[in-house]
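Here is a short briefing for a first look.

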Amino acid sequence: MTEQSSAPSEDDEEEFDLVQPPGFSHDLAEPPRGELVVTGRLVRASNATFLVADEANRKWVYKPVRGEAPLADFPIGTLGQREIAAHDLSRAVGYDCVPFTCRADGPFGPGSVQHWVDDAIDDLAALVLVDDVPADWFGMLVGADESDRDIALVHANHPRLRRLALFDLVTNNADRKGGHILHRPASDQVLGVDHGLTFNADPKLRTILWGWASEPFTSDEQHLLQRTLELAEDIVGPWLADDEIDALHERVTEALVRGTFPEPRDEGWRTIPWPPI
């Protein structure tokens, strides 16, 4: 292991304070109250996904297990568990990038429920004309639109978005597209949603957040990775298979040894999800 990725000393631990950043907001940190009532359906979702309200009139995104579409590379009935594992790890370690998520029984049986974030917008990633790339943004991909104009897939150089990119590395997220990134302008908090395709035992990182590829981890990021190794098994153990937990440890350990964000794979794996936004 390199000096950069070595475990922090006691002195380091005293100096380093993993304080929650401005905008840290688990303003809803308890399960739904009472019966869940369906108020709408998210029709663009790949799996059955509903907007529900509890007895306190709080809104949730509800994904019943019975509504999960079978996938060849993820065990059936486990996507909601991965959503919960992602939240629990984010909250316990300090990534602070997933809205409150838990297990609940709803109108269509057991599943995952996630706090509906009312005040979020999706302004940190976009498809723009090549000549209109915002200053200081990262360009990921260039293509053509239906009018044969050159367009670019871009994302912001935002510190909280970088934290989400680190979290995607840790969770092996196979589906980080622009629509799964929420920005809360009032607090400048960045949240990720739709973590059903995470924690696979095989490498599957597929994301639009490649802007920091090969950049060295900051000391803050190294501490988050070290803390992940310390806490992950206890936190995600109830939700993941043993080989997935082992792969998580290997992934984070390799990242610490490497000391940098990964580069896109080049051996035939599509590294950007479709659609990207």
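Lysine 63 and glutamate 83 join their side chains in a salt bridge, at 2.7 Å from N to O. The two partners sit in distant parts of the chain, 20 residues apart: lysine 63 is in strand β3 (residues 59–64), glutamate 83 in helix α2 (residues 79–93). Both lysine 63 and glutamate 83 are buried. The model is predicted.

**Charged pairs**

- Side chains of opposite charge can pair when their charged atoms come close.
- The salt bridge count comes to 15.
- Aspartate 96 pairs with arginine 160 in a salt bridge, with 4.0 Å between the closest N and O atoms.
- This pair also links distant parts of the chain, 64 residues apart. Aspartate 96 lies in the loop between α2 and β4 (101–106), and arginine 160 lies in helix α3 (residues 159–171).
- Aspartate 96 and arginine 160 are both buried.
- Glu30, Arg33, Asp54 and Arg58 form one network, joined by salt bridges that share partners.
- Arginine 33 has a relative accessible area of 46%, so it is partly exposed.
- Glutamate 30 is also partly exposed, because its relative accessibility is 31%.

**Helix α5**

- Helix α5 covers residues 242–258, which makes 17 residues.
- At 1.5 Å a residue, α5 should span 24 Å, and its end C-alpha atoms are 24 Å apart, so the two values agree.
- Which residues of α5 are buried? They are Glu244, Ile245, Ala247, Leu248, Arg251, Val252, Ala255 and Leu256.
- The cover over these buried residues includes α2, α3 and α4 (219–236).

**Nonpolar cores**

- In soluble globular proteins, nonpolar side chains tend to be buried together.
- The largest nonpolar core has 40 residues. Leu89, Tyr95, Leu161, Leu166, Ile181, Leu209 and Leu225 touch the most other members.
- Helices α2, α3, α4 and α5 each supply at least two residues of this core.
- The largest share, seven residues, comes from α3.
- Leaving aside neighbours within four places in sequence, leucine 225 is in contact with Tyr95, Leu166, Val170, Phe217, Val252, Ala255 and Leu256.
- A second core is separate and has ten residues, among them Ala48, Tyr62, Ala104 and Val113.

Conventions: Residues numbered from 1 in each chain as written. Predicted model: local features only at pLDDT ≥ 70, side-chain atom pairs only at ≥ 80, totals over all residues. Heavy atoms only, no water. Buried < 20%, exposed > 50% of the residue type's maximum accessible area, 1.4 Å probe, protein only. Helix = DSSP H or I, 4+ residues; strand = E, 2+ residues; numbered from the N terminus. Expected span 1.5 Å × (residues − 1). Contact = heavy atoms within 4.5 Å. Core = buried A, V, L, I, M, F, W, Y, C linked by side-chain atoms within 4.5 Å.
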